[in-house]
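Take a moment with the sequence and the model below. Then follow the walk through the chains.

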Amino acid sequence: MFKVEKRPVESRLMGYLSPVLAAVLTLVSGALLFLLLGQSPLEGLYTFFVMPLSDLYGLSELGVKAAPILLCAMGLAVCYRAKVWNIGAEGQLLFGALIGSWAALQLLQVEGAWVLPLVLLAGALGGMFWGLIPALLRTHFNTNEILTTIMLNYIALNVLLYGVHGPLKDPDGYNFPESALFSESTLLPTLLDGTRVHIGVLFALLAVAVVWVLLSRTFIGFQIRVLGLDSRAAHYAGYNEKRLVIFVLMLCGGLAGLAGVLEVTGPIGQLVPQVSPGYGYAAIIVAFLGRLHPVGILLASLLMALVYMGGEMVQIELGLPQALTGLFQGMLLLYLLACDFLIHYRIRLGGRATASVAAPVSEGA
Amino acid sequence: MDIDFIINVLYAMIRTGTPLLIVALGELVCERSGVLNLGQEGMMLVGAVCGFIVAATTGSLFLGVLAAMLAGCLMALLFGLVALGLSATQVATGLALTILGAGLSAFIGESFVGQTVLGFKALPIPLLSEIPLLGPLLFNHDVLVYLSFGLFAGVIWFLRSTRAGLMLKAIGETPESATAVGLPVMRVRYLAVLFGGAMAGLAGGYLSLAYTPLWAEGMTAGRGWIALALVVFASWRAERVMFGAYLFGLASILHLIVQGMGVSISSNLLAMLPYVVTILVLVLLSSDKARVRLYAPMSLGKPFHRTQ
Amino acid sequence: MAMQLGALVRAASTVLLATAVSAAALAQEPLKVGFVYIGPTGDAGYTYAHDKGRKYMEEQLGDQVTSTYVENVAEGADSERVIRQLAKSGNELIFTTSFGYMNPTLKVAKQFPKVAFEHATGYKRSANVGTYMGRIYESRYLTGVIAGKMTKSNVVGYVGSFPIPEVVRGINAFTQGLRSVNPDATVKVVWVSSWYDPAKELEAAESLILQGADVISQHTDSAGPIQAAEAKGVYAFGYNSDMSLYGKNAHLSAAVFNWGPLYEAKARAVIDGSWKAEDVWLGLAAGYVDIAPMNDAVPADVQQLVMDLKQQIVDGKLHPFAGPLTNQAGEIVVAEGEVLADKEMLSMGYYVQGVEGELPK
């Protein structure tokens, strides 16, 4: 008989193995799914996971797709480390895109090297502002940030729609809901000719490094981790919880806002109603998939981008429905969450399980 | 604006609020046991599609509703196995459930798009429906709306006056002491999660079988999230859930009626009003820290580790 | 332009007859056609109608074509990749079916000069990007006429999605039709800020019915408004495709798109080498839009009137926006004897007389 027992210490090995196990389980389930759909499982998996990356162009697109998810997920990871349940990266991204677009449209006729940085800064500040709202609501009014950030996502979307249907609409665009095309000086330079991979991808990588250093090498990062592990300990240590909450939400907002403004000044090149196909929500999965560690998140964001591209690819090549993308994402995350059990517990064949105490164990991380 | 008009608006408010009320009641029970399930939207969608498929193939609305609830339960069971059985983070597990549910429902419902069933019709209750004003308002609904009234009363009664209800609340507050006195924490939490799933499935079924009898991808359009906010709005009190659900329903209806009256405000700005109102109310309710402490289940969202 | 396209279709069919018997053509690889959809094919509305068109094209052309589609493609950064991927995968004709794909389509088209692109509802073209759209407002005009004859309260409700020119044009054409037979009737508009939310659309229709509307029209994609009308015992018009299934009594007719013939004609043109990037904006005359069969509740004489008016539009004798056309303020926008120019229609940003309330800006 199988017995479950708690490990005395978390298993490092399992920490690395569990994502692999989850990926394998997802692949097996995916193969079964393809079989169910009357497709060859191997061909299906190949089309889904390998074909999108078969050339340099595919790899460049992977970077383009992963960058906004990665930026949002880095910010979310910092929040989640502090047990601040920010679901609002989507709204922060949209608001950043809106403010960045507004700045870009004001500067249509202006040229100069400082124009683009200014636009990006505007976007990041927009996102920070949108992150500051739930932070203040939580610190000053004790309002649950899960709910306020969800509501703020809807509000940001509607404000953006208002902007693009109203004041920011292209005056020469026949009243269609799109802004004018941004000028050259407000567009991101690309890194490789003939592809869309832009310098924003470098910003995303930079964010990985910055967050890594922040979390592992700085005092504020230490405070964030302590707050997340045990808020009472943080209190007794004299850490200012309010300041930390504001800090993590504004940091996440800034990164998400940057992601938003990078989208409009990069691959899109104008403000449109649909800036994000849910990057902020995908980033939540990515943050957990990468177990809130910068490097893990980097890998997870690439995987997530690949799932999106694979979903498109199986539609084009095999005529399968788009719903597969959601199924794969959901399965992947559920399997991972399930496999993480093995980090804290081990399963033994036979023998007596030792009783374990109901100790508070860090969640998710 | 005559009295009939007002009654009609309130009638629409009840219908609009009903799916929210049903999901929120389920989530409330779930949260009172200490479990936060953010997967409402996914469970609703799977409930909606399964209910519709069964009703369309068997021709029985009753079986459709049962299927919707069962489907919601199965989704909730998945949540339970991962979040309770394997002690995974509840927030992440719930989100995964929502994503999975959206994909799954689109996947299995594909061939049922563009069909319809003869949905639940209003069923006036004899005598009661003839009471002036109140009759047309309360006693001229479809059977699922009556069911929501019953569920509302049932949940209040359960939490207030039954042993099981008290047990559930105790477990939600301090699972450790509940275990110490021999309460079956895990079993109760599983049951609460399953109840939440059944309610989300039922609410999905209400949409696809009574409100707009059709299946279309993503037809719940964010109502699961609203329901989550309603639970906090109600400060975890069942009595207030109905008030919140109907208030949100009223806000949704009014923003449309105001437009019909010729008020010219950007429709996008109007569309965000219900969300702004929700935040404001949340702020008002939660700003009194002591009160929230009093109402929010102490162990909400925290994993409980089995002690076997 | 109607004539021109008719000729094109005829020419295409003769060529097809010729090629059908030629063995060389039979040996040819089938034409690969790609579609990019904004919604799921399961939306039972806009995308569903496009996908019906795609299937029609496949049926008509048999093994001369194969087609693929990508659904739920966001209008942001994703669309460009999807369009490019379709071109890279060997599709020689690509339909991008939503307004937001305009600039991405143009960008990709530049890199694939040999591929033919067709963008729905847009206004920018290039050497290998054509645009197409159905003059659905012609159908709207006819449904407006039916509404004018059927309303008793003289209040007609209209569920709108977003106040963009296409939708405003539809409201105006509907109102013109309505008032041509019933000058006392007015139109109330409610915007739901969504293309697709069955429950919200139903609520919008209900709120209009509450305010006295006894006929409902819609420019959103789900059957919610029809179901609301059916439940409340008033009339309604569907959109995109025949929605009578959702309300046997309520559904009077619908303004429907008929993308099939267009997709067939375009594919044929690519096969026989006659494809050109052009602006195809055709309506009833070409059969690209139509109205769904009318409900029996519509009296025979009204049905006859509507069919007569339809014929007049087909023959070019009647234009929904013929002068004198007055806006809400009572100013004449189109003088007697003239019709509204296509360019004006494309950017329509005002209500005509008969619509209540202000157009949100």
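What percentage of the 361 residues of chain C count as buried? The value is 61%. Keep in mind that this is a predicted model.

Stay with chain C for its overall build. It holds 12 helices and 14 strands. Its C-alpha atoms fill a box of roughly 65 × 40 × 40 Å along the principal axes. Its radius of gyration is 21 Å. A compact globule of 361 residues would come near 21 Å, so chain C agrees with that expectation. Contacts reach across the sequence too. Take those in chain C between residues at least 6 apart: 65% of them join residues at least 24 apart.

Now zoom in on one residue. C:Phe237 sits in strand S9, which covers residues 235–240 of chain C. C:Gly122 is 115 residues from C:Phe237 along the chain, and their C-alpha atoms are 26 Å apart.

Turn to chain A. A:Leu17 belongs to helix H1, residues 12–36. A:Leu17 has 14 C-beta neighbours inside 10 Å, so it counts as partly exposed. That class lies between 12 or fewer for exposed and 20 or more for buried. A:Ala104 is 87 residues away from A:Leu17 along the chain. The C-alpha atoms of A:Leu17 and A:Ala104 are separated by 46 Å.

Key. Residues are numbered from 1 along each chain as its sequence is written. Chains are lettered from A and ligands numbered from 1 in the order in which they are written. This is a predicted model: local features need pLDDT of at least 70, side-chain atom pairs count only at pLDDT 80 or more; totals for chains, interfaces and linings use all residues. Helices (H or I, at least four residues) and strands (E, at least two) are DSSP runs, numbered from the N terminus. The radius of gyration is taken over C-alpha atoms; the globule rule is 2.2 Å times the number of residues to the power 0.38. Two residues are in contact if their C-beta atoms, placed from the backbone, lie within 7 Å.
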